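Q: Please give a close look at a single part of this model, for a reader who is new to it. A connected account of that part and its surroundings would be welcome.

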Amino acid sequence: MAKMLSMRDFDYSKIGNIFELDEVTPKMATEERLDDSGNKIMGNDGTPRKFNTDEIVGYKYSVTILEGEHRKKSTQITVAGLDCPINNAEIMKRDSVKCRFTGLKPSMVGNPIYYKAEKIELVAPQAK
C-alpha cells in the first residue's frame, strides 16, 4: 500500500520571491497574566494563555503569492522589528504594491500556513 500524502511531502519554503502586499497589521508583544488568586490564566489546551500588550514588536504582512504552484494563494508573513516601509493608507493609494522578503521560512505549517522573515523590501514598479 502506498504512503498517504501528507504536509511533509511539500516544500512550503518555495513560494516564490515576489508578492502582492494587501495589508499591514502590527504584531504586539504578549505576556502571561495572573488571575485574582495569583494563578496563571490557562488556555483550553492547558498552557498559559498569552495576552497582547500595547508594545509593537513587528509587523504582519498579508500577501498574495505571485509565483509558482501556490500562485494566487494568500498567506501572512511576520517580520520582527519596527522598520515598516509602508502603511495601509499608502497601499490603498496604489494600484499594486509588490514586495519581497529576506530570510523567508514557514513558521506554522497547518491550515492556514504562516511564514516569518527577517526583512521586507518593496519592489519598484516596472516602467511601461
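The loop between E5 and E6

A: Asn 111 is placed in the loop between E5 and E6; strands are DSSP runs of E, at least two residues long, numbered from the N terminus. The model is predicted, so local features need pLDDT of at least 70 and side-chain atom pairs count only at pLDDT 80 or more, while totals for chains, interfaces and linings use all residues. Residues are numbered from 1 along each chain as its sequence is written, and side-chain values use heavy atoms, with hydrogens and water left out.

Asn 111 counts as exposed because its relative accessibility is 78% (buried is under 20% relative accessible area, exposed over 50%, partly exposed in between, with a 1.4 Å probe and protein chains only). From Asn 111 to Gly 43 the C-alpha to C-alpha distance is 20 Å, and the two are 68 residues apart in sequence.

The covered face of E6 consists of Tyr 115 and Ala 117, whereas Tyr 114 and Lys 116 make up its uncovered face.

Asn 111 and Tyr 115 both line the second largest pocket, which has a volume of about 200 Å³. Here a pocket is an open set of points on a 1 Å grid over the protein atoms alone, where a 1.4 Å probe fits, with protein on both sides within 12 Å along at least five of seven lines; lining residues have an atom within 4 Å of a point. The volume is the space filled by probe spheres set on the points, which are joined across faces, edges and corners.

Gly 110, Pro 112 and Ile 113 are also among the lining residues, as are Tyr 12, Ile 15, Ile 65, His 70, Lys 73, Ser 74 and Thr 75. By class, the lining has six nonpolar, five polar and one charged residues (nonpolar: Ala, Val, Leu, Ile, Met, Phe, Trp, Tyr, Cys and Pro; charged: Asp, Glu, Lys and Arg; polar: the others, Gly among them).

One of these lining residues, His 70, is found in the loop between strand E2 (50–65) and strand E3 (74–80). His 70 counts as buried because its relative accessibility is 15%. Apart from neighbours within four places in sequence, His 70 is in contact with Lys 14, Ile 15 and Ile 65 (heavy atoms within 4.5 Å). Of these partners, Ile 15 and Ile 65 are lining residues of the second largest pocket too.

Lys 72 also lies in the loop between E2 and E3. Lys 72 is not a glycine, yet it has a positive phi of about 75°. With a relative accessibility of 64%, Lys 72 counts as exposed, whereas His 70 counts as buried.

Definitions and conventions:
Helix = DSSP H or I, 4+ residues; strand = E, 2+ residues; numbered from the N terminus.
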